[in-house]
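Please read them with the model open.

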Amino acid sequence: MLTSGGSDDEPLTSKPTAKTDPDNPLSGKKFYVNPQNPASQNVAQLEADGNKADAEQIKKIASRPVATWLAAGNGGTTDEVSALTDAAHKAGQEAVMTVYNVPHRDCGQYSSGGASDAAAYKAYIDEIAAGLKTHGGVIILEPDAIPHTLDGCISDEGQIAERYELLAYAITTLKTNPQTHVYVDAGNASWIKDFSRMVDALKKVGVNKADGFALNVSNFETTDASVEYGNKLSEALEGEHFVIDTSRNGNGPYTETSDDLKWCNPPGRALGTPPTSDTGIPGVDAFLWVKQPGDSDGACRDGAPQAGQWWTEYALQLAKAST
């Protein structure tokens, strides 16, 4: 479950000036804008239909760098990862990718799936690592995987131990390339309230061997709330850095108390701060759009497609609510 936070985020139209921060491994990097992303395809269709107004709105998404989610057999093969990172390198940019295939993924909920077993998962990670050999990139590692071991979703001790071992394997394997930067997902500011449990779990998977952790993936918490939570984790982890998904947090979280699906395609949300490695906040290596704004969270509301599928109606909502 990907849960949710009013925002003081800078306007979407702002263009931060790149600076060099010796403590930030992503400093000065520009993130890859894939010309074939779903938003760009949507823009082309809208323009072909003569709908220029909506096309201009969707361009707010299409023009931004968004993470590519690597699925086994669909974006996660060695050749596919290599092609993606090659294209980014030729553009003078850094590919951002999300590894999302851990066994028992999402506990059978809207984004259920994942590798069939530990061996299949390790083979999947090996494929990705082979594709990263030439250029590397930025990896967001397994959204929800750790939080689901702490919120009772994954309760079997054997499965939890296996998951931590697989995350550790992924970190060490992906980090064999020094040009690859790995950030392990640590949920969001409103999910695991006892952050000491999150700290313990991050230590167990070897976050010290990664570049840090990621917050707010596919969520709506404000940047301020994410920074506050992240700083607490960082302090307890001897200064580990982190990145924040700002793709849809422009209006913060959905606060309708009677809605049990606040995390799933909530209405009234907005695009957040554009992706940048110049955050102006020590220890925060980047604001990223890890979630593709416009991709559904699941078939949880009227008209919503399955998780991960492009939904023009929702993309327009996000874009029109943004400056």
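1. How many positive and negative side chains does the protein chain have, and how far apart do the centres of the two sets lie? There are 26 positive and 44 negative side chains, with the two centres 4 Å apart. Lys and Arg count as positive, Asp and Glu as negative, while His and the chain ends are not counted. Each charge is placed at NZ of Lys, CZ of Arg, CG of Asp or CD of Glu.

2. Basis of the values. This is a predicted model, in which local features need pLDDT of at least 70 and side-chain atom pairs count only at pLDDT 80 or more, while totals for chains, interfaces and linings use all residues. Residues are numbered from 1 along each chain as its sequence is written, and side-chain values use heavy atoms, leaving out hydrogens and water.

3. Overall build. The protein chain has 9 helices and 7 strands. These are DSSP runs numbered from the N terminus (helices: H or I, at least four residues; strands: E, at least two). The radius of gyration is 18 Å, close to the 20 Å of the globule rule for 323 residues, so the chain is as compact as a globular protein of that length. That radius is taken over C-alpha atoms, and the rule is 2.2 Å times the number of residues to the power 0.38. Along the principal axes, the C-alpha atoms fill a box of roughly 55 × 50 × 40 Å.

4. Surface. Of the 323 residues, 55% count as buried. Buried means under 20% relative accessible area, exposed over 50%, and partly exposed in between (1.4 Å probe, protein chains only). The accessible surface comes to about 13,100 Å², and 48% of it belongs to carbon and sulfur atoms. Areas come from the Shrake-Rupley method with a 1.4 Å probe; for residues, only the protein chains shown count as cover.

5. Helix H7. This helix spans residues 195-205, and its buried residues are Met-198, Val-199, Ala-201, Leu-202 and Val-205. Seen down the axis of H7, they fall within an arc of 165°, so they line one face of the helix. The arc is that of the directions from the helix axis to the C-beta atoms. An α-helix has 3.6 residues a turn, so residues three or four places apart point the same way. The cover over the buried residues of H7 includes helices H5, H6 and H8 and strands S4 and S5. Gly-206 follows H7, with a positive phi near 85°.

6. Ile-146. This residue sits in the loop between strand S3 and H5. Its relative accessible area is 0%, so Ile-146 is buried. Contact here means heavy atoms within 4.5 Å. Among the residues that Ile-146 touches, not counting those up to four places away in sequence, are Met-198, Ala-201, Leu-202 and Val-205.

7. Glu-142 has phi near 50°. Glu-142 lies in the loop between S3 and H5 and is buried at 1%. Asn-265 has a positive phi of about 50° too. Asn-265 is in the loop between strands S6 and S7 and is buried at 2% relative accessibility.

8. Is Glu-94 buried or exposed? Glu-94 is buried, at 12% relative accessible area, in the loop between helix H3 and strand S2. Its contacts include Lys-29, Lys-30 and His-181. Asn-208, in the loop between H7 and S5, is exposed at 55%.
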